[in-house]
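Subject: Structure handover

Hello,

My notes on it follow.

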Amino acid sequence: MRQLAATVWRFYLDGFRSMTLGRTLWFIILVKLFILFFILRLFFFPNFLNAAASDDKEGYVSGELIERAVDN
């Protein structure tokens with residue numbers, strides 16, 4: 001199993017070393033992922049749990065789940 005993992009690792013390492021256009025494309029992909037997961041999260045997805053329940057987060061979540069289940 002260890003030999004297989006080493007072979008796969010060397011295969012991908014050699015492939016990334018020989019890329020020319022691929023490096024630019026991987027850089028663009030990583031920048032897009034950074035923007036999606038870090039920048040947009042800060043502005044569009046606030047942390048409601050910290051604002052709504054300061055001490056008892058577990059109780060707040062269970063209460064919300066029960067309340068939403070009863071409403072439906």
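Which helix has the lowest mean pLDDT among the elements of the chain, and which the highest? The lowest value belongs to helix α3 (residues 48-52), with a mean of 71, and the highest to α1, with 89. The question comes up at the start since this is a predicted model. Over the chain, the mean pLDDT is 85, and 96% of residues reach 70 or more. Where pLDDT is low, predicted coordinates should not be read in detail.

Overall layout

The chain contains four helices and zero strands, and along the sequence the pattern reads α-α-α-α. With a radius of gyration of 22 Å, well over the 11 Å that the globule rule gives for 72 residues, the chain is more spread out than a compact globule. The C-alpha trace spans about 55 × 35 × 30 Å along its principal axes. Of the 72 residues, 3% are buried.

Helix α1

Helix α1 covers residues 2-17. What links Arg-17 and Asp-14? The two form a salt bridge, and their closest N and O atoms are 3.8 Å apart. Arg-17 and Asp-14 sit three residues apart in α1, so about one helical turn separates them. An α-helix has 3.6 residues a turn, so residues three or four places apart point the same way. Arg-17 counts as exposed, at 55% relative accessibility, whereas Asp-14 counts as partly exposed, at 45%.

An aromatic pair is formed by Phe-11 and Tyr-12; it is one of three in the structure. Its geometry is edge-to-face, with 5.5 Å from centre to centre and 75° between the planes. Phe-11 is exposed, its relative accessible area being 60%. Tyr-12 is partly exposed, at 49% relative accessibility.

Helix α2

The next helix, α2, runs over residues 21-44. It has 24 residues and reaches 33 Å from its first C-alpha to its last, close to the 34 Å expected at 1.5 Å a residue. Where does α2 bend? The bend is at Ile-35 and amounts to about 30°.

Phe-34 counts as partly exposed, with a relative accessibility of 44%.

Helix α4

How many salt bridges does the structure hold? There are two. Besides the bridge between Arg-17 and Asp-14, there is one between Arg-68 and Glu-64, whose closest N and O atoms are 3.6 Å apart. Arg-68 and Glu-64 are four residues apart in helix α4 (residues 57-71), so they too are separated by about one helical turn. Side chains of opposite charge can pair when their charged atoms come close.

Regards

Methods: Residues are numbered from 1 along each chain as its sequence is written. This is a predicted model: local features need pLDDT of at least 70, side-chain atom pairs count only at pLDDT 80 or more; totals for chains, interfaces and linings use all residues. Side-chain values use heavy atoms; hydrogens and water are left out. Rings of Phe, Tyr and Trp (its six-membered ring) pair if their centres lie within 6.5 Å; planes under 30 degrees apart count as stacked, over 60 as edge-to-face and the rest as tilted. Buried means under 20% relative accessible area, exposed over 50%, partly exposed in between (1.4 Å probe, protein chains only). Helices (H or I, at least four residues) and strands (E, at least two) are DSSP runs, numbered from the N terminus. The expected span of a helix is 1.5 Å times one less than its number of residues. The bend at a residue is the angle between axes fitted to the seven residues ending there and the seven starting there. A salt bridge is a side-chain nitrogen of Lys or Arg within 4 Å of a carboxyl oxygen of Asp or Glu. pLDDT is the predictor's confidence in each residue, from 0 to 100. The radius of gyration is taken over C-alpha atoms; the globule rule is 2.2 Å times the number of residues to the power 0.38.
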